[in-house]
Amino acid sequence: MIRVESDSQLVARAQVGNQDAFAELVRRHSDRVFRLALSILGREFAAEAEEVAQEVFLKVHHALASFRGEAEVSSWIYRITFNQAVNLKARARYRRPHLDDTALSQVETAEPGPHSLLETAQRDQSLSECIATLPEVYQSALGLYYWMGASVAEVAALLDVPENTAKSYLHRARQLLDGMLKQRGYSYV
Amino acid sequence: MSEMDPREAEIDSLLRRSMAAPVPRLSPDFHQALSREVRRRSQPLNPFSRSLLTGYGVVSAAISMVVMRGQGLGWVAIALTTLGPLFTLELARRLRRRQWVMAPK
């Protein structure tokens, strides 16, 4: 029977210098760390999200000796990730590639008709702009849930909040987006 | 998500349509690159770098002390102004470590 070590056991072994234990910890969390970073930075910044993931694990490795288990290992790692990604975003003043009206009018004219396609592109662009004005935690929740297909439970785990809080993040984000899109005159039925 | 009102359901559906896109994956060599970087950062300073750094610290402290003494400061004040920042640095380092342990949001 294969015995699966808990994160805490891995950390305990890594703390005494076992590199295999640290590597297992990385294998276990790297995808989620990357996805969390990506949900904050945005879909155009995969390379930066990978840099964040690397920096997070380097910080974890550096801080292993002082980790005493007051928090869950996963919560600890995801909090470092969240802070790291938000800091990077703020520092670099990330700006999503902006499509102006000229660019949007040059959208390929294919099915289902140029006008409809242009409207969809403009509405999606507007939606992206509205999302970018939401608080980071809402943006991240939306990205994880709608883009990456994470369940509410996964969103909650990654953002280190109870499931009900994750649900309310999504609910509030939808409400805010609804209001913003209405202000911009979009209907989305 | 079953308790959505019609408007919220509409924006839910819009978000699903609009945000649908392939999700990038970590590059295959991520773990190797990370291992290399961990090894690199874990390596202690080589003897030459360590001597250089220590020498720099000692010379700086000595020059500061001579200059401060030349300005008429007492040895107690000189010791405080020289060692104070070192203690502050160490304190800040320990506090930062404590913060990591608490993993604040």
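Tutor: Two residues are in contact if their C-beta atoms, placed from the backbone, lie within 7 Å. Keep in mind that this is a predicted model.

Student: What pattern does chain B follow along the sequence?

Tutor: Chain B has 4 helices and 0 strands. Of its 105 residues, 8% count as buried. Read along the sequence, the pattern of chain B is α-α-α-α.

Student: Now chain A. Which elements give two or more residues to the side of domain 1 that touches domain 2?

Tutor: Chain A is divided into domain 1 (7–92) and domain 2 (101–183). In the contact between them, 11 residues of domain 1 of chain A meet 10 residues of domain 2 of chain A. The domain 1 side has 4 nonpolar, 3 polar and 4 charged residues. The elements of chain A that give two or more residues to this side are α2 (19–41) and α4 (73–92).

Student: What span should α4(A) have, at 1.5 Å a residue?

Tutor: The expected span is 1.5 Å times one less than the number of residues. α4(A) has 20 residues.

Student: Which elements do the buried residues of α4(A) pack against?

Tutor: The buried residues of α4(A) include Val73(A), Trp76(A), Ile77(A) and Phe82(A). Arg79(A) and Gln84(A) are also among them. The packing partners of the buried residues are, in chain A, α1 (7–15), α2, α3 (46–63) and α8 (152–159).

Student: Which residues touch the most other members of the largest nonpolar core?

Tutor: This core has 52 residues. It draws at least three residues from each of domain 1 and domain 2 of chain A. Its largest share, 10 residues, comes from α2(A). Those that touch the most other members are Ala37(A), Ala141(A) and Val155(A).

Student: Leaving aside neighbours within four places in sequence, which residues is Val155(A) in contact with?

Tutor: Val155(A) is one of the core residues that touch the most other members. Ala141(A) is another of these. With neighbours within four places in sequence left aside, the contacts of Val155(A) are Ala141(A), Leu144(A), Tyr145(A), Ala150(A) and Ala166(A).

Student: What is the phi of Asp160(A)?

Tutor: Most residues other than glycine have a negative phi. Asp160(A) is not a glycine, yet its phi is positive. Asp160(A) is found in the loop between α8 and α9 (163–183) of chain A. Its phi is about 55°.

Student: Is Asp160(A) buried or exposed?

Tutor: A residue is buried if 20 or more other C-beta atoms lie within 10 Å of its own. Asp160(A) has 20 C-beta neighbours inside 10 Å, so it counts as buried.

Student: How far apart in space are Arg172(A) and Tyr138(A), C-alpha to C-alpha?

Tutor: Arg172(A) is found in helix α9 of chain A. With 15 C-beta neighbours inside 10 Å, Arg172(A) counts as partly exposed. Arg172(A) and Tyr138(A) are 34 residues apart in sequence. In space, C-alpha to C-alpha, their separation is 8.1 Å.

How values were computed: Residues are numbered from 1 along each chain as its sequence is written. Chains are lettered from A and ligands numbered from 1 in the order in which they are written. This is a predicted model: local features need pLDDT of at least 70, side-chain atom pairs count only at pLDDT 80 or more; totals for chains, interfaces and linings use all residues. Domain bounds come from an automatic or database domain assignment. Ala, Val, Leu, Ile, Met, Phe, Trp, Tyr, Cys and Pro count as nonpolar, Asp, Glu, Lys and Arg as charged, and the others, Gly among them, as polar. A residue is buried if 20 or more other C-beta atoms lie within 10 Å of its own, exposed if 12 or fewer, and partly exposed in between; C-beta atoms are placed from the backbone. A nonpolar core is a set of buried Ala, Val, Leu, Ile, Met, Phe, Trp, Tyr and Cys residues joined through C-beta atoms within 7 Å.
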